Amino acid sequence: MNPRAFVFDAYGTLFDVHSAIGRHAGRVGKNAPEVSALWRTTQIEYSWLRSLMGRYTDFWQVTGDALDFALETHGIRNPPLREDLMKAYLSLTAYPDAAPTLATLHARGAQLAILSNGSPAMLHDAVTSAGLQGAFDAVLSVEEVGIFKPDPRVYQLAIDRLGLASASEACFVSSNYWDAAGAASFGYRVAWVNRRSLPRDRLGASPEWEISSLAKLPALFE
């Protein structure tokens with residue numbers, strides 16, 4: 001039975017989180033890839049830790065705090081660069097397979113949504129800069145529940161907003177395995193976009209499908 005809806009993670013799934021550093025790699029220096037990787041890893045870790053500590057703040061603050069840690073770790077003290085990197089995060093490059101995949105699924109009559117840790121303002125800017133306005137029936141932020149993924153309250157947001165009877169009526173799509181596992185644990189059918197051919201984490205819940213790109217998603221339901 002094909003899903004009535006497809007619920008997409010945003011950062012790392014639709015939008016390339018490393019494109020912000022990529023635009024300013026020359027200014028960041030030879031360690032730009034390492035800075036970008038640490039920024040992303042710290043951003044995710046801070047979201048988990050803040051959830052566990054009960055100290056929620058929006059994802060924009062988390063993103064800035066993670067960037068400050070990454071820059072300091074690499075000995076980079078450049079306020080104008082820091083400001084430009086944060087601005088770049090508001091207009092991340094969409095993966096080339098994102099728009100065609102969304103268009104194909106939309107043409108089949110499926111509901112489409114984003115469910116993201118991002119703040120509403122961040123998601124608005126990302127979707128707009130990527131030219132994906134109008135592609136989604138809902139763009140949902142964890143800000144509505146005040147806690148980050150993979151808390152089950154976050155995954156419930158899309159069920160409520162899209163009017164689904166259960167999570168099993170939707171396919172959740174993420175490139176982040178921890179997010180895919182969280183959604184699977186909640187009850188979604190899940191497609192993990194494993195672009196980097198990574199091994200699966202051991203989290204006790206597994207995605208139903210593993211694909212190498214978003215372009216392969218529509219073929220799962222033909």
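**Figure 1. Aromatic pairs in the predicted model.** Across the whole structure, the search finds 15 aromatic pairs (Phe, Tyr and six-membered Trp rings with centres within 6.5 Å). Ring pairs join Tyr 11, Phe 15, Trp 39, Tyr 56, Phe 59, Tyr 89 and Phe 148 into a cluster. The model is predicted, with local features requiring pLDDT of at least 70 and side-chain atom pairs pLDDT 80 or more, whereas totals for chains, interfaces and linings use all residues. Numbering runs from 1 along each chain as its sequence is written, and side-chain values use heavy atoms, without hydrogens and water.

**Figure 2. The ring pair of Trp 48 and Trp 178****.** The ring centres lie 5.3 Å apart with planes at 85°, so the pair is edge-to-face (planes over 60 degrees apart; under 30 is stacked and the rest tilted). Because Trp 48 belongs to helix H3 (residues 32-53) and Trp 178 to helix H9 (residues 177-186), the pair ties together parts 130 residues apart in sequence; helices are DSSP runs (H or I) of at least four residues. Trp 48 is partly exposed at 32% relative accessibility, while Trp 178 is buried at 16% (buried, under 20%; exposed, over 50%; partly exposed, in between; 1.4 Å probe, protein chains only).

**Figure 3. Packing of helices H4 and H5****.** H4 (residues 59-73) and H5 (residues 79-89) pack at about 140°, with axes 11 Å apart; axes are lines fitted to C-alpha atoms over the stretch in contact, and angles between N-to-C directions run from 0 to 180 degrees. Contact (heavy atoms within 4.5 Å) involves Trp 60, Thr 63, Gly 64, Leu 67, Asp 68 and Leu 71 of H4 and Arg 82, Leu 85, Met 86 and Tyr 89 of H5.

Note on methods
Helix = DSSP H or I, 4+ residues; strand = E, 2+ residues; numbered from the N terminus.
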